[in-house]
Amino acid sequence: MKHLTGKPLHLKISLLGSLLLILFFAGCSTQKNTLLNRNYHSITTKYNGYFNARESYRDGLRRLSNMHEDNYENVLSIFKYGSEQQMGSISGNMDIAYQKASTAIRRHSMNIRGVEYNRWIDDSYYLIARSHYFRRDFNLAVLTFEYIIRQYDSPLANKSKIWVAKSYIQTGQFNNAFQALERTTRNKDEGLLDNEALLLYHMVYADYFLQQQNYLEASPHLEQAVRLSRNRNQRTRLTYILAQTYHMERNYPAAQKTYARVLKLNPDFQMAFQARINMAMAFDTESGDARFILSELEGMLRDSKNREFRDQIYYALAQFSMRQRNTDKAVEYYNLALENHRGNNSQKGLTFLRLGEIYFDQKEYRQAARLYDSTMVYLSREYPDHESAGRRNIMLRELAGNLRVIEREDSLQRLASLSNADRNAILDKIIEDIQEQEQIERELEQERARMRQDMARHGRSRTQMDGTSEGGWYFYNPSAMSFGRNEFYAKWGERDLEDLWRISNKRVMAFGDMGDFDMDGDEMQAGGRVTRASLLENVPTTPEKMEASNSRLARAYFNKGVLFKDRLIDTDAAINSFETLISRFPQSEHRLYSAYFLYTLYNAASNTNRALVYKNMIIRDFPDTDFAKILSDPNYAENVRIRQDRVKHIYKQAYEAFLAGNYELARDYAHQADTLEQSLEQAAQFSYLKALIIGKTSDTYDFVESLTYVKENFEGTNVYEPASNLLAYLGSSGLVTEDDSTRRRERSRSGDAETDEMKDFMERSPFVYRPESVHFYVLVVNTRNLQIRQLRADINDFNRDSYSEDNLNLSTLFFDERRQLVTITNFPDSEKAYAYGQMLTGFLSQKEHNPEDYNGFIISVDNYPVFYQERKLEEYLQFYKIAYTFD
């Protein structure tokens, strides 16, 4: 310390302090299990990396909860996690949580000889796993939770088992979710779950049953969750869901009692309102007095606080009437709900849907089609049955289109059958109606101009009175919008979003029951005036026009019959359509199929006499068709099936030989199938298999040629897309080389001479070869030379441009001090993952990344945990080179 002599005292203290700090931090090694080291790394982890990660995670959950919107038409969700898109909007929070927690683990983990001495590391892993969950990377979440379960004997391991079940529920893997929950049940029975874990266990178990609409099994878990919850808002929500499950089970006394409990918990206005509505709806109409419920709901209608919710009350009255099987009254209430609509589009969509269901059940398909059209305008995409409603809407729209064709062509043909004088009188009436409509349009335009002037004056007067402006553009001006809305309702009332909404009777050009008379631009003269001549263009007054009209009619009747037969399952309507077609259009190209459909429909209805009529028609009028042969020879169909089964069996043998690497045998089987009768799909499969065999045994040029044959000759079959994708890959990867044949033969010989040492390695390897399982693509990145942020950004750009519909997820994990893993999930099998990797490598080579700084490979979901947790990179790469052969 001689060199400190003569120095000022404060400088001596400063130098000594700095020296002590250097010695302190140098001594805080992650590989020395001392009290000082443990406390330093634990405290630093808790109050630095883990704290910041947890704050970002919690902020994301708060945002997600605020975005969540409840749909009270269905049983509420246990967890307020919003929609898939809303969950995606918090990925930034989860990325920060992941990065902060990963950095804390990398810098402060004290894993010494397999034992972790930093008590906050398992919390950090637990936070990482949950961040993966909320980034919707459920596979990676499960892997991380499973790592916690194996690595740490702590309460977090038990919670991780529950989160594994949550992850499986999110992906619809209910069998795996059940197994994970049963694992936790054993821990519960042993008393290993604390209150927080026990609450989570019952909530997830209830969610497991609710997702499968098993309300009876969900109720006991909800009861336990309500008992354990200490958060008032959460307990209120769980109690409401419990009431809904009783309601769905038709346990009306329990439902009413539980809805009453919800009201005592002082919920928000919307939940309280829905609880009162549902208390009324849970009234037992079989044993109670319905007048009491009606008076309760009517009392709610009179309450001024419920003015904005009258549509929902009328909807509840309609639902109550449906329970009483009073359909007419229900329709009346549904219409009142629409009249009292006040901006709740989701409720309006539900009302249209219920009305559409009524008319659909009553087989009033035209009315149902209009209502389903309106349903799809207003119904929320988050509604569980939105997709099925959309499918029915498309089906009804198609049916309505055929009905319009029939009405239109029949009307035009009737018009054609009239005398010139009568026809001209009808055409003149149509022209008069069109002119009247044009006059209405002119008046409307004048009215709109007047309203714009009034709104402009209204806006100026407001500005002058309060000295403020609410925005120049109409839709940025709340006052103008409110004024316009009130003016619109005052003049027109509630109108649906549809063409020609101003006209209450769209059939302005009717002739008897002519139906819609379409107006095209060709029907107008140059000056825009409609004339008799322009209207007559649609009338079939010549033999050629009449033949074309009959063809359109026959096609519409046939399409209508098929819709009734296959999709609407309305046998009587289907029979009527097909019989009308055969009787009116005996020369139609649809006559054979219509007769066969009638034969099958009457057979199914046990009407053998009518079935025999159409059987004889087919045999007599269409003797050379397969239908006639099947009906004439009872064994014909069986013989065809036997021949097809023979071809299927040969294909199976050929494919198995191909997978086993016995390409010559596979080729022999394929050539054997050439001598048999094949369907188009079977011929496509054999051609594609032959191409794959060529790819294994010949050069790439021949491979491309054979794939091109498949692509050009089998469009629309199952092999067209994979053949096209493989061709595109071969072309983009530059793999068509002249010496490819030599390279393949050398690879084949080296494969045949595989050494005993390699076989022994495969037997001892902890990795398993399952090419059909889910695969990941992994990049091992040297972060000292390559910016991981830029690489992630480039990969995200690539995924967005080339794989936007594949729902890929990207995650990064620390592998060691100098390397990180970039993992892209999920691919359905090894080939898809490998093809992705080849394309990504080509993409990255065009960027400013040095290929020596990263190494890519594919890995199955079964092998990933062993590879990552035990850091067996070199061993896996050796396994990968032996097991996976793609080129």
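The following legends describe close-up views of a predicted model.

**Figure 1. Overall composition of the predicted model.** The protein comprises 887 residues, of which 43% are buried. Its secondary structure consists of 38 helices and six strands. Among contacts with a separation of 6 or more, 63% are between residues 24 or more positions apart.

Figure 2. Y57 belongs to helix 2 (residues 35-67) and F134 to helix 5 (residues 121-134), so that the pair links distant parts of the chain, 77 residues apart. Both partners are buried: Y57 has a relative accessibility of 5%, and F134 has a relative accessible area of 0%.

Figure 3. Y365 counts as buried at 9% relative accessibility, as does F564 at 6%.

**Figure 4. An aromatic cluster that includes Y57 and F134, with the lysine K166.** Ring pairs join Y57, F79, Y81, Y126, Y133, F134, F138, F145 and W163 into a cluster. The charged end of K166 sits over the ring of F79, at 3.9 Å from the ring centre. The charged end of K166 likewise sits over the ring of W163, 3.9 Å from the centre of that ring.

Figure 5. S167 is part of helix 7 (residues 155-170). With a relative accessible area of 1%, S167 is buried. When neighbours within four places in sequence are set aside, the contacts of S167 are Y133, F138, A141, V142 and F145.

**Figure 6. Packing of helix 9 against helix 10.** The axes of helix 9 (residues 195-211) and helix 10 (residues 215-228) come within 8 Å and cross at roughly 155°. The two helices are thus roughly antiparallel, and their crossing is left-handed. Helix 9 contributes N195, L198, L199, Y201, H202, M203, Y205, A206, F209 and L210 to the contact, and helix 10 contributes Y215, E217, A218, H221, L222, Q224, A225 and L228.

**Figure 7. Packing of helix 10 against helix 11.** Helix 10 and helix 11 (residues 232-248) pack at an angle of about 155°, and their axes are 9 Å apart. Because that angle is over 145 degrees, helix 10 and helix 11 are roughly antiparallel to each other. Their crossing is left-handed. On the side of helix 10, the residues in contact are Y215, S219, L222, E223, A225 and V226; they meet R235, L238, T239, I241, L242, T245, Y246 and M248 of helix 11.

Technical notes:
Residues are numbered from 1 along each chain as its sequence is written. This is a predicted model: local features need pLDDT of at least 70, side-chain atom pairs count only at pLDDT 80 or more; totals for chains, interfaces and linings use all residues. Side-chain values use heavy atoms; hydrogens and water are left out. Helices (H or I, at least four residues) and strands (E, at least two) are DSSP runs, numbered from the N terminus. Buried means under 20% relative accessible area, exposed over 50%, partly exposed in between (1.4 Å probe, protein chains only). Rings of Phe, Tyr and Trp (its six-membered ring) pair if their centres lie within 6.5 Å; planes under 30 degrees apart count as stacked, over 60 as edge-to-face and the rest as tilted. A charge sits over a ring if NZ of Lys or CZ of Arg is within 6 Å of the ring centre and within 35 degrees of the ring normal. Axes are lines fitted to C-alpha atoms, for helices over the stretch in contact, and angles run from 0 to 180 degrees between N-to-C directions. Angles under 35 degrees count as roughly parallel, over 145 as roughly antiparallel, 65 to 115 as roughly perpendicular and the rest as oblique. A crossing is left-handed if the near helix is turned anticlockwise from the far one by less than a right angle, and right-handed if clockwise. Contact means heavy atoms within 4.5 Å.
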